[in-house]
Amino acid sequence: MIFNKHTARKTAEVLLQVNAIKLSPKEPFTWASGWKSPIYCDNRIILSFPPIRNYIRETMAKQIERLYGKPDAIAGVATGAIGIGMLVAEYLGLPFIYVRPDAKGHGRQNQIEGFIESGQNVVVVEDLISTGKSSLNAVKALKDAGIKVKGMIAIFTYGFDVATENFEKEEIALNTLSNYESLLEQALETNYISEKELKTLSEWNVNPSGWQAV
């Protein structure tokens, strides 16, 4: 869920501004999963724009304090959330760790990088939520290491029903700065998309795996 509508619209505005999110209903993108999609999101782009990364950093940090209090550390999900997670941790004056998709096959064979002790608590930072599978994989790794996960905060979510179900099943609180609904509202208001394109984009979100571009 989003923290508030104003933040959701403002975040959508800056993501569109720097092309961290691109909407292309007429010439859809192909995701790694093979899905055809009229939207592509790469929030790592915000790291190249200081005013925008600072806005995301400060907004995310303040929401973490309001929602979860101050954790023992911030945990970023590799690789997309390492940069923003570290910035948030710096703003809050907290230690930072990050979680790989899998343990390394050499050296210390870590899946969790950085120093944290069993019994401590973290808030997990993500850049993007699609189905939630990779995000919850990181949560599992943290829990398996005896670390308490207070919740997760992400920059943006597509708002898929499957993601909501996955987070509810694992009993992990998820909050995001913005979501798909707020993005479409902002895009329509600023004439980034037309009413016809809005209809196409809305249809995709209901059935992303089966959607076909017209």
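A residue is called buried when its relative accessible area is under 20%, exposed when it is over 50%, and partly exposed in between (1.4 Å probe, protein chains only). By this rule, both Phe156 and Tyr158 are buried. The structure is a predicted model, in which local features need pLDDT of at least 70 and side-chain atom pairs count only at pLDDT 80 or more, while totals for chains, interfaces and linings use all residues. Residues are numbered from 1 along each chain as its sequence is written, and side-chain values use heavy atoms, without hydrogens and water.

The nonpolar cores were examined next. A nonpolar core is a set of buried Ala, Val, Leu, Ile, Met, Phe, Trp, Tyr and Cys residues joined through side-chain atoms within 4.5 Å. The largest one holds 44 residues, and Ile64, Ile74, Phe156 and Tyr158 touch the most other members. Helix H2 (residues 50-68) gives the largest share of this core, six residues. Helices (H or I, at least four residues) and strands (E, at least two) are DSSP runs, numbered from the N terminus. Another core lies apart from the largest one; its 23 residues include Ile97, Val99, Val139 and Leu142.

Contact here means heavy atoms within 4.5 Å.

Aromatic rings were then paired. Rings of Phe, Tyr and Trp (its six-membered ring) pair if their centres lie within 6.5 Å; planes under 30 degrees apart count as stacked, over 60 as edge-to-face and the rest as tilted. The whole structure has eleven aromatic pairs. The ring centres of Phe156 and Tyr158 are 5.8 Å apart and their planes stand at 90°, so this pair is edge-to-face. Phe160 and Trp204 also form an edge-to-face pair, with 5.5 Å centre to centre and 65° between the planes. This pair links distant parts of the chain, 44 residues apart: Phe160 sits in the loop between strand E9 (148-157) and H5, and Trp204 in helix H7 (residues 195-206). Phe160 and Trp204 are both buried. Ring pairs join Trp31, Trp35, Phe156, Tyr158, Phe160, Tyr180 and Trp204 into a cluster.

Tyr180 belongs to helix H6, where Ser182, Leu183, Leu184, Gln186 and Ala187 are buried as well. The buried residues of H6 pack against helix H1 (5-17), strand E1 (21-23), E4, E9, E10 and H7. After H6 comes Asn191, with a positive phi near 65°.

Pockets were found on a 1 Å grid over the protein atoms alone. A pocket is an open set of points where a 1.4 Å probe fits, with protein on both sides within 12 Å along at least five of seven lines; lining residues have an atom within 4 Å of a point. Grid points are joined across faces, edges and corners, and a volume is the space filled by probe spheres set on the points. The largest pocket has a volume of about 760 Å³. Of its 31 lining residues, Cys41, Asp127, Leu128, Ser130 and Ser134 are the closest to its centre. Strand E4 (39-41), strand E8 (121-129) and helix H4 (133-144) each give two or more residues to this lining. H4 gives the most, five residues.

The second largest pocket holds about 300 Å³ of space. It is lined by 17 residues, and Met1, Thr157, Gly159, Thr164 and Asn179 are the closest to its centre. H5 supplies the largest share of this lining, four residues.
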